[in-house]
Amino acid sequence: MMKFIEQEKNGVLILHLSGKIMDAGAFTDLCKNLKSRIGKGTKNVLFDFRNVRWINSTGIGSILGCLTTLQKKGGDVRFVNLVGATRRYFEMTKIDTVVKIYDHLDDAVADFSG
């Protein structure tokens, strides 16, 4: 089961994800929360995958659905701390060509202002 913790830094909403992202249901609460935040003006979102143990194609599809909503509202997204199998999956599916991926949280946050 996936869980998330919110943090805000320099106007960037950081979502620290943990667990397994295996189906759309696991992402329901996060998407609802993100849509609410977008409605209140959030534009820049950073997904921290440091504690994600596994993700599959359904999980990636769920993430991309939420991100599309954000981008339609003029927002932008970055990913950070993709490691091991999770990183390989993002590279294999070519998501890394669509979303900027960083190894360090501070670098990703700084990129929003640069």
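**Close-up views of the predicted model**

**View 1. The β1-β2 hairpin.** Strands β1 and β2 form a hairpin with two residues between them, and N10 in the turn has a positive phi of about 50 degrees. Strands here are DSSP runs (E, at least two residues) and helices are DSSP runs (H or I, at least four), numbered from the N terminus. β1 (residues 3-9) and β2 (residues 12-21) run antiparallel and are joined by seven bridges; pairing requires at least two DSSP bridges between two strands. I5 stands opposite H16 in β2. The model is predicted, with local features requiring pLDDT of at least 70, side-chain atom pairs pLDDT 80 or more, and totals for chains, interfaces and linings using all residues. Residues are numbered from 1 along each chain as its sequence is written, and side-chain values use heavy atoms, without hydrogens and water.

**View 2. The open sheet.** Five strands in the order β1-β2-β3-β4-β5 make up an open sheet with mixed pairing. Its edge strands, β1 and β5 (100-102), each pair on one side only. β2 pairs with β3 (residues 44-55) in the parallel sense over eight bridges, and I14 stands opposite L46 in β3.

**View 3. Helix α2 and its ends.** Helix α2 comprises residues 57-72. G59, I60, S62, I63, C66, L67 and L70 of α2 are buried (under 20% relative accessible area, 1.4 Å probe, protein chains only). Seen down the axis of α2, these buried residues fall within an arc of 160 degrees, so they line one face of the helix; the arc is that of the directions from the helix axis to the C-beta atoms. Just after α2, G74 takes a positive phi of about 90 degrees.

Methods: Expected span 1.5 Å × (residues − 1). Buried < 20%, exposed > 50% of the residue type's maximum accessible area, 1.4 Å probe, protein only.
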